[in-house]
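Subject: Structure handover and side-chain notes

Hello,

Here is the structure I said I would pass on. Please open it next to this message and keep the numbering to hand while you read.

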Amino acid sequence: MQFSGGKMRKQRLAGDQRSACYPHSLQFYLQPPSENISLIEFENLAIDRVKLLKSVENLGVSHMKGTDEYQNKLEAELRRLKFSYRENLEDEYEPRRRDHISHFILRLAYCQSEDLRRWFIQQEMDLLRFRFSILPKDKIQDFLKDSHLQFEAISDEGKNLREQEIIASSPSLSGPHLDMETIYKIPFADALDLFRGRRVYLEDGFAYVPLKDIVAIILNEFRAKLSKALAVTLHSIPLLLSDENQRLQPLLNHTGHSYTGQDYSTQRNAGKISLDQIDLLSTKSFPPCMRQLHKALRENHHLRHGGRMQYGLFLKGIGLTLEQALQFWKQEFVRGKMDPDKFEKGYSYNIRHSFGKEGKRTDYTPFSCLKIILTNPPSQGDYHGCPFRHSDPELLKQKLQSYAISPGGINQILDLVKGTHYQVACQKYFEMLHNVDDCGFSLTHPNQFFFESQRILNGGKDIKKESIQPETQPKPSAQKTKDASSALASLNSSLEMDMEGLEDYFSG
């Protein structure tokens, strides 16, 4: 793909050629685009793709994936941004072309750090899941073939021969017969997750997988291919952005770092939190992941490395200064009978390092929900991670009871957890903690939880150091629902300003 400063004439293809370029409304993006495009179109496609992926993220947090409301809203967003979404629509060449090119543009922007890659892969997977869910059954086999997936739908005769074995081995099948089910024969190595869970029938090195279960396998294949492609892109960046295309680098940096969420490493509240306020804040405004870390630290006077990183960066993000952080951790560890000299030699360096004062001088960013859920799961004796993702359901229930969540609320949260909607479950906890019907935002970050909580508790205002008094917060009331709406308006305004800033950057 080449770029030029002025407007360029698009390739004009006959009907058959256009269909051959993009036979489906979804794809694995196996081949990069080869046409020339103008810088103006490059910029517009980058903006629209980021808008789409941000919508995918927000809908995935605020709605249960796969529900009618989720499906309808995501389809409306694809239609609004003029990207492909359904088969058999007339004049689909341009939406599919936009989808293809914009995906590869964002590969350039989102290959450049682990957090960017993780965010990009997750949103692209959710987008593919949606598109596959509305793909007509008679188009699935062609899509699998075009995606180089050796998955073959077996004949009715093949189903009849293996009917009892497949039904007995596949919990996702609810009926006693396979008449209405499509069964795919795939290589055993592609179904290892189902095999480990004893949820698939095997025969002669092949797995016989119902359509309901094949979605996860397709997504795993897509994730593996995209992850490898991003690694290759990262190593190719110096070549791709040679002298004539070097002007794209600032543009790509701006694109990548504007939309993975707010950067909570910027300490806009530095010094506004005092150490004697943390205990109260932990019960009023900490998300459960940080609340359990704080409780474990107070009880055990120690946290392992994973807990110190997750909790320490969160505290940094809510406003603790380096000096406060050193004092906070030292006081707690010394209470655990640790020698002060040992703390100075073994732990203070790591704290200064997380603030960018040692080593490579990297100013580390607090962990997002996605990073906590997907990376470094806790082991025995650890307290980090996401309670909704990593806790046993019974222990989670007990924890929610100790937080004074109502029995009905606990059941709602546990149902969301059972459906793997961990961030939605945390958002539901937020609403119950603050007695609001709708919190008015999509929860993607523990520090976002804290700041939105403080905004509600302080009447829609930002944190003020003197505003946090022990046990004097007003009881939740209907006013908080209004404050949540204010928070939503503030969030939407911020997003619109960010989008305007990105568009101004591109057009400047």
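Predicted model: local features only at pLDDT ≥ 70, side-chain atom pairs only at ≥ 80, totals over all residues.

Salt bridges

Side chains of opposite charge can pair when their charged atoms come close. In this structure there are 32 salt bridges. I describe three of them here and then a network.

R118 pairs with D115, with 2.8 Å between the closest N and O atoms. Both residues belong to helix α5 (residues 114-133), where they are three residues apart, about one turn of the helix. R118 counts as buried because its relative accessibility is 12%, a value under the 20% cut-off. D115, with a relative accessible area of 38%, is partly exposed.

R455 and E452 are arranged along a helix as well: they lie in α22 (residues 446-457), three residues apart, about one turn of the helix. Their side chains form a salt bridge at 3.1 Å, N to O. R455 is buried at 13% relative accessible area, and E452 is buried at 6%.

Which parts of the chain does the salt bridge between R162 and E203 tie together? The side chains of these two residues meet at 3.1 Å, N to O. R162 is in helix α7 (residues 156-169) and E203 is in strand β5 (residues 201-203), so the pair ties together parts that are 41 residues apart in sequence. R162 is buried, with a relative accessible area of 16%. E203, at 21%, counts as partly exposed.

Two serines

S38 lies in strand β2 (residues 36-38) and is buried, at 7% relative accessibility. Its side chain reaches the backbone nitrogen of E41 at 3.1 Å.

S391 lies in the loop between α18 (387-390) and α19 (393-402). Is S391 buried or partly exposed? With a relative accessible area of 22%, S391 is partly exposed. A polar atom of the S391 side chain lies 3.1 Å from the backbone oxygen of P387. Leaving aside neighbours within four places in sequence, S391 is in contact with C386, L396 and K399. P378 is 13 residues from S391 in sequence, and the two C-alpha atoms are 9.5 Å apart in space.

Cysteines

A disulfide is a covalent bond between the sulfur atoms of two cysteines. How many disulfides does the structure hold? The count is zero. For C369, the closest cysteine sulfur is that of C426, at 6.0 Å, which is too far for a bond. C369 is buried, with a relative accessible area of 12%. C386, the residue in contact with S391, is in no disulfide either: the nearest cysteine sulfur belongs to C289 and is 6.5 Å away. C386 counts as buried, at 10% relative accessibility.

Aromatic rings

A pair of aromatic rings is described by the distance of the centres and the angle of the planes. A search of the whole structure gives 27 aromatic pairs. One of them is Y311 with F328, which is edge-to-face, at 6.3 Å centre to centre and 65° between the planes. This pair links distant parts of the chain, with Y311 in helix α13 (residues 305-318) and F328 in helix α14 (residues 322-335), 17 residues apart. Both Y311 and F328 are buried.

W329 and F333 form another edge-to-face pair, with centres 6.0 Å apart and planes at 80°. These two residues both lie in helix α14, four residues apart, about one turn of the helix. W329 and F333 are also buried. The two pairs belong to one aromatic cluster, made up of F286, Y311, F314, F328, W329, F333, F343, Y347, F450 and F451.

Finally, two charged side chains sit over rings. The charged end of K185 is over the ring of F206, 4.5 Å from its centre. R291 lies over the face of Y403, at 3.8 Å from the ring centre.

Regards

Key. Residues numbered from 1 in each chain as written. Heavy atoms only, no water. Salt bridge = Lys/Arg side-chain N within 4 Å of Asp/Glu carboxyl O. Buried < 20%, exposed > 50% of the residue type's maximum accessible area, 1.4 Å probe, protein only. Contact = heavy atoms within 4.5 Å. Polar contact = N/O pair within 3.5 Å; in protein donor to acceptor, adjacent residues only side chain to side chain. Disulfide = S-S within 2.5 Å. Phe/Tyr/Trp six-rings, centres within 6.5 Å; stacked < 30°, edge-to-face > 60°. Lys NZ or Arg CZ within 6 Å of the ring centre and 35° of its normal.
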